[in-house]
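Subject: Structure for your files

Hello,

The structure is placed below, with notes on what was found in it after that. Please read the two together.

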Amino acid sequence: MKPLEVLRFFTASGRRATALLGALSLAASGAAAGCVGHAGAGDGDGDGPPGQGGVVDVAPAGMRRMTPEQFKNSMRDLFGDPALDLDLDADTGEVTSLLAVDKLNAAAEAIVARRPSWGTEVFPCDTSGPDDEVCVDDFVRTFGRRAFRHTLDEAEVAMLKGQYTRARKEQSFDDALLIVLKTMIQSPNVYYFVELGREGDGGEALASGVRSLTGWERAARLSYFLWNTTPDDALLDAAESGALDTAEGVRAQAERLLSDDRARPTARRFFTDWIELDGTNKHASLENAPKSSEIYPEDSPALRAAMRTEIEALAERVLFEGDGRFETLLTTTDAYVNGPLAALYGVEGPADEDAFSWVSLPADQRAGIFTRAAFLSVFGSIEVKSPIRRGAYVLEEVLCRPLGPPPPNASDVPVKGGVVEENGELVRRTIRQDVEAKTSSGNCVSCHATINPIGFAFEHYDALGRWQSQETGGDAEAPYTLDIDARGRLPAIGPDGEGVEVDGGVEVSAALAASAAARACLTKHLFRTALRRVPVDQDLASIEAATPAPESGGSMRDLILALATSNAFLHLRHPEE
């Protein structure tokens, strides 16, 4: 079957197919939910979360399809082939056009070509033997349930068995089954998340147009949120039994998924994405962030790899092996280092780059992920630290206060400190002094008055993340040393809405760890991971209910479970309703 014929085949009839075709048309026409940055402050409809006399209301969302990574992971699990690799087009989340079906067809062919590597039984009989109608029926129903993430209705079974019958007229028993298999792999029911919801309110007070997701749809959301792959049989069984029709049943499965090792890679990816180690349109990745080899001769690919390994190991240790608390992630002195990274931190550690071990970093120098080399290197310049980039990151991604684009006449003169000309004379400036001099006038002031004081708290860390008690410069004939001033200020995160004065990276980390604003921002980032959309005002009740208060002792694990049982996660509103 040709690629485009697969799409027509699966949108031929039935409620699910009709809804899918309508959603594809809606997406192609550009209809999608609006969004407002990182969900700024708002009161929503004031009804409150369910269980407190409120009405469940959620934001509309456009049709979603799998990311290439999700499709690859799903195929690896469906076929038991962990080495499978596929070439698919990247997706931005919302569907804006039909898929590159040729690549999906090529993926299906590649999967079948690796049949000797399949570790999971796909066909329930010996396909080299005579025709077996029972085998065909079992294959369609059992593999279809796993691939489509729901029990196939009789119309779907009939369509697939009809295709087998037509293929069998010209192909062998084995080849006819493979044709059906490749069609199923390319089905929109696989790579689109088809969410229709269930009829009736299930005893909940629902706003007009809002529906509860079916157990199957909840199973898919849960699995792709926590494992980034297709649901396993236990989760599908829970959906089929009705166990996922309640928030309690969803929570029980979420706890099971979080306790499985398959949750660990997803958690590692979330935290490395949060601190943007893979780069953005504003900066390069950790591995590609340029540094001066003259200033940083110890820099190497092995050191950069160790920086990433440390962040991943630290996030995993806190979430799965420790207390799971946000405060711990931002204040711990535990570090997973090899020889080069230990040397960078100035601590005793393994002798070489191949061995790693846990060590404790100096408590007066390091506290949590924002004082580690990975973060500091990504948000450092080629030669020197970058208070502006570090401050802007914390403001936008840790406190969820979006900055607009810089004014068109903003200066792009690099900030390097050292010996500079001032009023016709040569003077020596620290990086902080140079930043202040270049951003204290004109259109720069309004934004930099907030950005700079945050970034200044990281002044003790150079562009590679090394601790420095003083700034040095000059040459052998005229060296100089300048004192570092790491006093800074976080804007309006105190209990009474006031700013918080800090001095150094340890204090700024502690202040962020105690901040309700930083916790709420983390919840918004997790929300985006869970639902692949930006939260809007209708989602604020779900975000507020999931965010633990600093004094509650709640862990990030509790936060994840609360999100998985929130209104926004368990319900839907179609864009047209």
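A disulfide, meaning a pair of cysteine sulfur atoms within 2.5 Å, joins C125 to C135, with an S to S distance of 2.0 Å. This is a predicted model, in which local features need pLDDT of at least 70 and side-chain atom pairs count only at pLDDT 80 or more, while totals for chains, interfaces and linings use all residues. Residues are numbered from 1 along each chain as its sequence is written, and side-chain values use heavy atoms, with hydrogens and water left out.

The torsion about the S-S bond of C125 and C135 is -75°, a left-handed link. C125 sits in the loop between α4 (101-113) and α5 (133-148), and C135 in helix α5, 10 residues apart. Helices here are DSSP runs of H or I with at least four residues, strands are runs of E with at least two, and both are numbered from the N terminus. C135 is buried at 3% relative accessible area, whereas C125, at 21%, is partly exposed. Buried means under 20% relative accessible area, exposed over 50%, and partly exposed in between, with a 1.4 Å probe and protein chains only.

The whole structure has 2 disulfides. The other entry is C400 to C521, with S to S at 2.1 Å. Its torsion about the S-S bond is about 80°, so the link of C400 and C521 is right-handed. C400 lies in the loop between α17 and β4 (418-422) and C521 in helix α21, so the bond ties together parts 121 residues apart in sequence. Both C400 and C521 are buried. Counting bonded cysteines along the chain, the pattern is 1-2, 3-4.

C521 also takes part in a helix contact: E396, E397 and V398 in α17 meet A517, A518, C521 and H525 in α21, where contact means heavy atoms within 4.5 Å. Helices α17 (residues 387-398) and α21 (residues 516-531) pack at about 70°, their axes 9 Å apart. The axes are lines fitted to C-alpha atoms over the stretch in contact, and angles run from 0 to 180 degrees between N-to-C directions. That angle makes α17 roughly perpendicular to α21, a class covering 65 to 115 degrees.

On the strands, β6 (residues 470-473) and β7 run antiparallel and are joined by 4 bridges; pairing requires at least two DSSP bridges. T472 has T481 in β7 as its bridge partner. Strand β7 (residues 480-483) has Y480 and L482 on a covered face and T481 and D483 on an uncovered one.

Finally, in helix α23 (residues 556-564), 7 of the 9 residues are buried.

Regards

Note on methods: Parallel < 35°, antiparallel > 145°, perpendicular 65-115°, else oblique.
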